[in-house]
Amino acid sequence: GIITINDKTSEILLNTSAIKLLNKNKEQVKELVSIQGDEVNEEFWRILSSKKTCKHTKVPFSTPGGQRYLLVSKTEQLNQHHCVIGWIMNFIDITETDELEKRMHQSEKLAVVGEMAAGAAHEIRNPLAVVHGFLSLMNQSFSVQHREQYDMPLIMKEIERINVIIEEMLLLSKPGTPIKKETYLED
């Protein structure tokens, strides 16, 4: 969207995209500029009604369709003598791009967590194998009475349970193998 404001006449012009994005006509925008906007989209109207420039400012903007994000820039309009005669503001809807960036950031975080989980699983697996080996040897050399006294079956069962958890963590960190199936292109 593009909005121009003439400093001498206070005339405001909007292109079709601005009307559509703001869901407001020329008269409504002129009124909001004169009262410096509404409470809901205060930041957008403050930028538009101010006498300051801005570059690529991300601004939240609420519409009946929901919350949007606009990338706003505003600059002076100059005449041939380099005197300010008005302002021009342009803005684009970056809501989808913003959501995509958030999802990508979340995916990157999950990938790092997956790598950390795989590293931790490998680090846990090595000492666990040693503990499992020594416990197996102890279990074989103990009498039935000693096995019961030290709860060896329970200890061995819990070591196996930890092993299963580690295997699941490692499976989650590896990409799955592709599932191939025969398909007829005509279908």
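**Close-up views of a predicted model**

**View 1. Helix α2 has an exposed side and a buried side**. Exposed residues E27, E31 and S34 sit on the face of α2 that is turned away from its buried side. The model shown here and in the other views is predicted. Helix α2 covers residues 26-34, and its buried residues are V29, L32 and V33. Looking down the axis of α2, these buried residues fall within an arc of 100°, so they line one face of the helix. The cover over the buried residues of α2 includes β2 (12-14), α1 (16-22) and α3.

**View 2. N25 at the start of α2**. Here a side-chain oxygen of N25 comes to within 3.1 Å of the backbone nitrogen of E27. E27 is also one of the exposed residues of α2.

**View 3. The aromatic pair F44 and F61**. The model has five aromatic pairs.

**View 4. Two lysines over aromatic rings**. K58 lies over the face of Y69, 5.0 Å from the ring centre. K74 lies over the face of W87, at 4.7 Å from the ring centre.

Technical notes. Residues are numbered from 1 along each chain as its sequence is written. This is a predicted model: local features need pLDDT of at least 70, side-chain atom pairs count only at pLDDT 80 or more; totals for chains, interfaces and linings use all residues. Side-chain values use heavy atoms; hydrogens and water are left out. Rings of Phe, Tyr and Trp (its six-membered ring) pair if their centres lie within 6.5 Å; planes under 30 degrees apart count as stacked, over 60 as edge-to-face and the rest as tilted. A charge sits over a ring if NZ of Lys or CZ of Arg is within 6 Å of the ring centre and within 35 degrees of the ring normal. Buried means under 20% relative accessible area, exposed over 50%, partly exposed in between (1.4 Å probe, protein chains only). Helices (H or I, at least four residues) and strands (E, at least two) are DSSP runs, numbered from the N terminus. The arc is that of the directions from the helix axis to the C-beta atoms. Contact means heavy atoms within 4.5 Å. A polar contact is a pair of N or O atoms within 3.5 Å; within protein, one must be able to donate a hydrogen and the other to accept it, and residues adjacent in sequence count only if both atoms are side-chain atoms.
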